[in-house]
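Subject: Structure handover

Hello,

Here is the structure you asked for. My notes follow below it.

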Amino acid sequence: MKLNQSELLREQAYIEGQWLDADSGKKVNIFNPATGERIGSVPEMGAFETHRAIDAAERALPAWRALTAKERSSILKRWFELINQHADDLALLMTTEQGKPLAEARGEVAYAASFIEWFAEEGKRVYGDTIPGHQQDKRLLVIKQPVGVTAAITPWNFPAAMITRKAGPALAAGCTMIVKPAPQTPFTALALAYLAIEAGIPPGVFSVITGDAKAIGNTLCESAVVRKLSFTGSTGVGIHLMQQCAATLKKLSLELGGNAPFIVFDDADLDAAVEGAMISKYRNAGQTCVCANRIYVQSSVYDAFSEKLAAKVAELKVGVGTESGITTGPLIDKNAVKKVQAHLEDAVSKGARVKTGGRALGGNFFEPTILTEVNGSMRVAKEETFGPLAPLFRFDSVDEVIAMANDTEFGLAAYFYARDISRVWKVAEALEYGMVGINTGLISNEVAPFGGIKASGLGREGSKYGIEEYLEIKYLCLSV
Ligand code: ADP
């Protein structure tokens with residue numbers, strides 16, 4: 001398939017059931033991060049169009065909310081099937097605008113679709129409660145109702161899954177949703193909207209608006225009609241949006257930055273730990289919020305682990321994600337490359353050694369890199385690198401590594417490899433994170449609750465907990 005021939009490449013925003021240009025006529029070009037080529041353009045919309053999307057979502061709400069959960073489920077299942085049927089085209093679109101290798105993009109499409117399927121089912125299981133009354137003539141009940149009009153602001157690193165993880169539960173619960181995708185990756189979002197129409201999702205129930213992030217964000221946050229915002233992105237922007245939502249007391253789900261520790265104890269299966277580190281560190285060129293950011297290795301296995309990891313990293317192939325055999329695509333932009341470079345230079349200036357890699361390769365490409373002899377004074381210890389750079393720290397005792405692992409404002413994901421069952425239990429309980437991978441480097445799926453604590457955010461996505469974020473509890477007190 002040639003991308004520009006695909007029905008899925010939409011260059012207009014989708015609001016109120018219509019494909020629209022910006023009122024001003026302005027457009028913004030979108031580029032391929034691997035080649036620098038222009039892919040196409042999307043409308044540069046702002047407050048005016050956002051109000052229009054909010055009005056449409058409000059008008060669409062009563063009829064959508066009134067459907068039975070099973071009726072909504074049937075429509076969502078059609079969306080799920082259409083996403084899967086178009087998996088190859090969606091993956092190509094995603095690789096073209098985001099850069100990840102095609103195989104990873106296909107994986108993301110399946111992952112993205114899984115949220116729609118899961119919540120199509122969960123929507124049918126939104127149970128209430130009956131509570132034994134506090135007085136003889138009282139009957140107490142709890143029902144759950146959709147929160148209403150909702151909004152989502154999403155990042156570029158998972159252009160499809162970060163949308164479906166929000167839209168799946170929202171629509172299944174009976175809410176309507178307006179999505180503002182990341183400026184770098186609007187085409188995957190618009191393709192999902194195209195398939196949503198094909199699936200029979202009514203006008204106004206799901207809209208995708210592109211353009212000025214601040215103007216759109218302000219309008220969504222300040223609107224009293226929008227009752228919930230779900231955001232995935234950086235902690236700084238998350239805090240800003242939370243402040244903007246304060247005046248209307250919106251419900252919030254915030255999935256923010258991470259600084260994941262990955263701990264290898266001396267009783268670990270080292271080959272498994274290396275495999276886990278490869279997935280956790282280098283997937284999506286290190287650009288996931290659950291990527292291992294700090295790798296702590298117990299002294300007695302430090303050299304053996306770093307040798308084995310270096311051997312695996314040498315097998316990675318960097319290049320344009322549509323070419324065969326490529327395992328590592330480009331970073332999203334020049335600034336991302338600069339950040340990796342700056343973290344590397346800072347660490348080396350303070351005594352770290354480059355074990356493998358270490359070079360920017362031109363364009364937005366960076367060599368998969370391992371640093372050894374890293375310590376807590378370096379930027380890599382405190383900041384999210386968001387690139388293919390693995391810093392290896394040394395530690396001696398369990399208590400020491402727990403303290404180091406928790407010494408961060410973030411609390412999204414943590415990983416560790418160990419076999420002693422008491423140690424496993426102790427470390428799992430002590431890590432101050434929303435998610436802990438034990439002897440695995442891959443934890444995300446639709447059936448489990450994804451989310452963080454501390455500066456990593458609020459709320460959970462996926463799983464039976466994910467739909468609760470789109471429901472209000474109503475207590476009924478009946479006097480008989
Ligand atoms: P990243 O560094 O991963 O791009 P951001 O937090 O900057 O993370 O971006 C995540 C999403 O938040 C994107 O869709 C972006 O357009 C949006 N965004 C950034 N700044 C604002 C803002 N001031 N108001 C609303 N949305 C914003």
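How do the residues of the shell around the ligand divide into nonpolar, polar and charged? There are 6 nonpolar, 5 polar and 2 charged, where Ala, Val, Leu, Ile, Met, Phe, Trp, Tyr, Cys and Pro count as nonpolar, Asp, Glu, Lys and Arg as charged, and the others, Gly among them, as polar.

The model is predicted: local features need pLDDT of at least 70, side-chain atom pairs count only at pLDDT 80 or more, and totals for chains, interfaces and linings use all residues. Numbering starts from 1 along each chain as its sequence is written.

Ligand shell. Ala 213, Gly 217, Gly 233, Ser 234 and Val 237 come nearest among the 13 residues around the ligand (near: C-beta atom, placed from the backbone, within 6 Å). H7 gives the largest share of this shell, 3 residues, and both H7 and H8 supply at least two (helices are DSSP runs of H or I, at least four residues, and strands of E, at least two, numbered from the N terminus).

Helix H7. In H7 (residues 213-222), Ile 216, Gly 217, Thr 219, Leu 220 and Cys 221 are buried (20 or more other C-beta atoms within 10 Å of the residue's own, all placed from the backbone). Their cover includes helices H1 (47-66) and H8 (235-246) and strands E7 (149-153), E8 (176-180) and E10 (226-232).

Glu 255 lies in strand E11 (residues 251-255) and counts as buried because it has 27 C-beta neighbours inside 10 Å. Leaving out residues up to four places away in sequence, Glu 255 touches Thr 232, Gly 451, Gly 452, Gly 457 and Glu 461 (contact: C-beta atoms, placed from the backbone, within 7 Å).

Regards

Methods:
A residue is buried if 20 or more other C-beta atoms lie within 10 Å of its own, exposed if 12 or fewer, and partly exposed in between; C-beta atoms are placed from the backbone. Two residues are in contact if their C-beta atoms, placed from the backbone, lie within 7 Å.
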